[in-house]
Amino acid sequence: MNAVKDETTMESEERKDSGSDVSLLDHEYDGIQEFDNPMPRWWVWLFWGTLWFSLAYLFHYWVGNGQSVLAAYEDDVREAAAIMAQEAMNQAVTEESLAPLLADAGTTAAGQGVFAGKCSPCHLEGEGSIGPNLTDQHWIHGKGTLMDIYQIVSDGVPEKGMPAWNRQLSPAELRQVVAFVGTLRGKNMPGKAPEGTLVE
Ligand code: HEC
């Protein structure tokens, strides 16, 4: 074995010496040898291209303010929800036109603001004190549909201490606060004991 190897190394050395511009690598297996050709230009450019691209990409998304695909998608969803809520605001009040308001963060945030100012004295954050707990599955009036909530908030129950809000709030505020109460449903915050009938 050694003898064979020595022979071929000598051979390749001979070729190098002979001034041939074909450079053979030093190893050899089962009679197979390898040229030491440079990578093709286009390949090398492609390689550097990918390297620079990856650095630029890294910089853009990790250091710069590049937006991830997920964040861009969530932005689009938010935008669409806001547009749909805006359209729903211009329609007559129905269960269907109230529903899109719950999906729009801007609308529910506005509703939360109204709630904190006007409703919290009696309902706290929703868990109830003078007024009933709005986060449980029990309802005194109706079944907790958005229209039920709209009706009771709009007309109130003056004889029981729940004011009517249709004069005190603008139509937009009324819908906003109804949307916010809609988002409270099922949160089951510990607070005032359930009143009314259970709605599954
Ligand atoms: C002065 C106290 C008071 C304020 C302020 C008040 N509520 Fe009430 N609310 C009550 C009481 C009391 C009831 C229970 C009425 C009954 O027993 O029929 C009630 C009932 C409700 C109900 C019906 C709950 C059910 O189980 O059917 C909703 C919805 C509601 N309030 C929403 C609101 C919203 C929204 C606001 C603010 C815009 C608000 N309330 C402000 C006292 C209040």
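Me: Which residues of H4 meet which residues of H7?

Reply: In this predicted model, the H4 side of the contact consists of Ser97, Leu98, Leu101 and Leu102, and these meet Arg175, Val178, Ala179, Gly182 and Thr183 in H7. By residue class, the contact of H4 with H7 divides into five nonpolar, three polar and one charged.

Me: And at what angle do H4 and H7 pack?

Reply: Helix H4, which covers residues 95–102, packs against H7 at an angle of about 70 degrees, and their axes are 9 Å apart. Angles of 65 to 115 degrees count as roughly perpendicular, so H4 and H7 are roughly perpendicular to each other.

Me: Let's switch to the largest pocket: what volume does it have, and which residues lie nearest its centre?

Reply: The volume of the largest pocket is about 610 Å³. Its lining is made up of 30 residues, and those nearest the centre are His123, Gly131, Pro132, Ile152 and Met162.

Me: Which helix gives the most to that lining?

Reply: That is H5, which contributes six residues to the lining of the largest pocket. At least two lining residues each come from helix H5 (105–123), strand S3 (138–139), helix H6 (146–155) and helix H7 (171–184).

Me: How do the lining residues divide into nonpolar, polar and charged?

Reply: The lining of the largest pocket has 18 nonpolar residues, with six polar and six charged ones besides.

Me: Staying with H5, is Cys119 buried or exposed?

Reply: Cys119, which lies in helix H5, has a relative accessibility of 13%, and since buried means under 20%, Cys119 counts as buried. Leaving aside neighbours within four places in sequence, Cys119 is in contact with Val114, Leu124 and Val177.

Me: Where does Asn133 lie, and what is it in contact with?

Reply: Asn133 sits in the loop between H5 and S3, and with a relative accessible area of 5% Asn133 is buried. Apart from neighbours within four places in sequence, Asn133 has contacts with Gly126, Glu127, Gly128, Met189, Gly191 and Lys192.

Me: How far is the C-alpha atom of Asn133 from that of Ala193?

Reply: The two C-alpha atoms are separated by 7.1 Å, although Asn133 and Ala193 are 60 residues apart along the chain.

Me: New topic, backbone angles: what is phi for Asp30, and what about Asn188?

Reply: Asp30 has a positive phi of about 45 degrees although it is not a glycine, and Asn188, likewise a residue other than glycine, has a positive phi near 50 degrees. Asp30 is found in the loop between strand S1 (24–29) and strand S2 (32–35), whereas Asn188 is found in the loop between H7 and strand S4 (197–198).

Me: How accessible are Asp30 and Asn188?

Reply: Asp30 counts as exposed, at 79% relative accessibility, while Asn188, at 43%, counts as partly exposed.

Me: Last one, on the whole chain: how many helices and strands does it have, and what pattern does it follow?

Reply: The protein chain has seven helices and four strands, and read along the sequence these follow the pattern α-β-β-α-α-α-α-β-α-α-β. Of the 200 residues in the protein chain, buried residues make up 26%. Among contacts between residues at least 6 apart in sequence, 56% join residues at least 24 apart.

Note on methods. Residues numbered from 1 in each chain as written. Predicted model: local features only at pLDDT ≥ 70, side-chain atom pairs only at ≥ 80, totals over all residues. Heavy atoms only, no water. 1 Å grid on protein atoms, 1.4 Å probe; cavity = no way out; pocket = protein on both sides within 12 Å on 5 of 7 lines; lining within 4 Å. Points joined across faces, edges and corners; volume = space filled by probe spheres on them. Nonpolar A, V, L, I, M, F, W, Y, C, P; charged D, E, K, R; others polar. Axes fitted to C-alpha atoms, helices over the stretch in contact; angles between N-to-C directions. Parallel < 35°, antiparallel > 145°, perpendicular 65-115°, else oblique. Contact = heavy atoms within 4.5 Å. Buried < 20%, exposed > 50% of the residue type's maximum accessible area, 1.4 Å probe, protein only.
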